Amino acid sequence: MTVPALLSAPAAPSPSSPVAASYARLAEVFPALRIAETAPGARLPHGVGWVGADELAAGGPALDAFLAWDEAQVLRDYGTRARPDVVASFGLHRYAWPACLLVTVPWFLERRVPRLPAREVAFQRAQSRLAVRIEEFACLPDDPAAVLPGARVVADEEALRAEVRASLAEHFEAVLDGFGPRLRRGRRALWGMATDEIVEGLWYIGGLLGEERRAMAQLDLLMPGTSKPYRPYAGAAGFRELAGSEGPDGRPHVTRSRATCCFFYTVRPEDTCLTCPRTCDAERVSRLATTD
């Protein structure tokens, strides 16, 4: 799993929404990311350091400034310049990985799915902060939150999974419009990137929560891939046990192969992500053995 470089200390989300408890729990296990909720109808944070997801979706100066940070980071840390499409890939990852958690964590913990169009999210990357304005959410019929304003009750777990896919698709349909021309990839590859961020973000957080196996099972149902493709997504959760990689508990490590590559190898050829499609299983086993 690849985790973006996030900084800063936790801050308790506002208790004003049905997903506040989920965001608070996320802050407990992953204090590097802070999420604040803005009241319905109120303005999201703006100003120095903040960028709206809708601004990223529009491309132009806001996205230029956002990606300038990634370009400078690569030059500073690796002493080389990355291609523009690689810079855009890094920038999308660093936004999308935490943004996906806004939807997947409440679904995983409380079976509640906020609807978050791009206009309802803002990001402060230097401080690793997200701000959200939640005006609508989906839940199951037996959820006490079903009587709250903005609740939309759906029939069952599969219908709720459909809400997760729809919420994230609406958000990333816009965001990918902004990043797409910079990435120089086709739509299927772009949606493969989105699929990877959705899966690997919750997989990582599930591990921190002590519920990795449940997270994997839920993600396999959410993103089954070719066995039951859900457009516009491309790729599957695709978890599998890695033979010959038993951990301290005697169980094989779990892996997956990403639908897409972030092209980090173009910056540092000898270094690839553990779930990169370019990393063979033998290499994965070897690297995991050194970390156990």
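A residue is called buried when its relative accessible area is under 20%, and exposed when that area is over 50%. By this criterion, buried residues account for 52% of the 292 residues of the chain, which is shown here as a predicted model.

**Figure 1. Overall view of the predicted chain, with its eight helices and nine strands.** The C-alpha atoms occupy a box of roughly 55 × 45 × 35 Å along the principal axes. Because a compact globule with 292 residues would have a radius of gyration near 19 Å, the value of 19 Å found for the chain agrees with that expectation. Of the contacts between residues at least 6 apart in sequence, 65% join residues that are at least 24 apart. The chain exposes about 12600 Å², of which carbon and sulfur atoms supply 55%. There are 34 positive and 36 negative side chains, and the centres of these two sets are separated by 4 Å.

**Figure 2. The largest nonpolar core, a set of 78 residues.** The residues with the most contacts inside this core are F66, Y95, F172, F179 and I205. Helix α4 gives the largest share of the core, 16 residues. In soluble globular proteins, nonpolar side chains tend to be buried together.

Figure 3. An α-helix has 3.6 residues a turn, so residues three or four places apart point the same way.

Figure 4. L160 counts as buried because its relative accessibility is 0%. With neighbours within four places in sequence set aside, L160 is in contact with W107, R111, V113, A138, C139, L140 and V154. R94, by comparison, lies 66 residues from L160 along the chain, and the C-alpha atoms of these two residues are separated by 27 Å.

**Figure 5. Two arginines, R111 and R184, with positive phi.** R111 has a phi of about 60° although it is not a glycine, and this residue is located in the loop between α4 (84-110) and β3 (113-114). Because its relative accessible area is 16%, R111 is buried, and R111 is also one of the residues in contact with L160. R184, likewise not a glycine, has a positive phi of about 55° and is placed in the loop between α5 (157-183) and α6 (187-208). R184 counts as exposed because its relative accessibility is 62%.

**Figure 6. The cis peptide bond between R231 and P232.** The bond that leads from R231 to P232 is cis, with an omega near 10°. P232 belongs to the loop that runs between α7 (212-222) and β8 (240-246).

Key. Residues numbered from 1 in each chain as written. Predicted model: local features only at pLDDT ≥ 70, side-chain atom pairs only at ≥ 80, totals over all residues. Heavy atoms only, no water. Helix = DSSP H or I, 4+ residues; strand = E, 2+ residues; numbered from the N terminus. Buried < 20%, exposed > 50% of the residue type's maximum accessible area, 1.4 Å probe, protein only. Rg over C-alpha atoms; globule rule 2.2 N^0.38 Å. Contact = heavy atoms within 4.5 Å. Areas by Shrake-Rupley, 256 points an atom, 1.4 Å probe, with all protein chains shown as cover. Lys, Arg positive; Asp, Glu negative; His and termini not counted. Charge placed at Lys NZ, Arg CZ, Asp CG, Glu CD. Core = buried A, V, L, I, M, F, W, Y, C linked by side-chain atoms within 4.5 Å.
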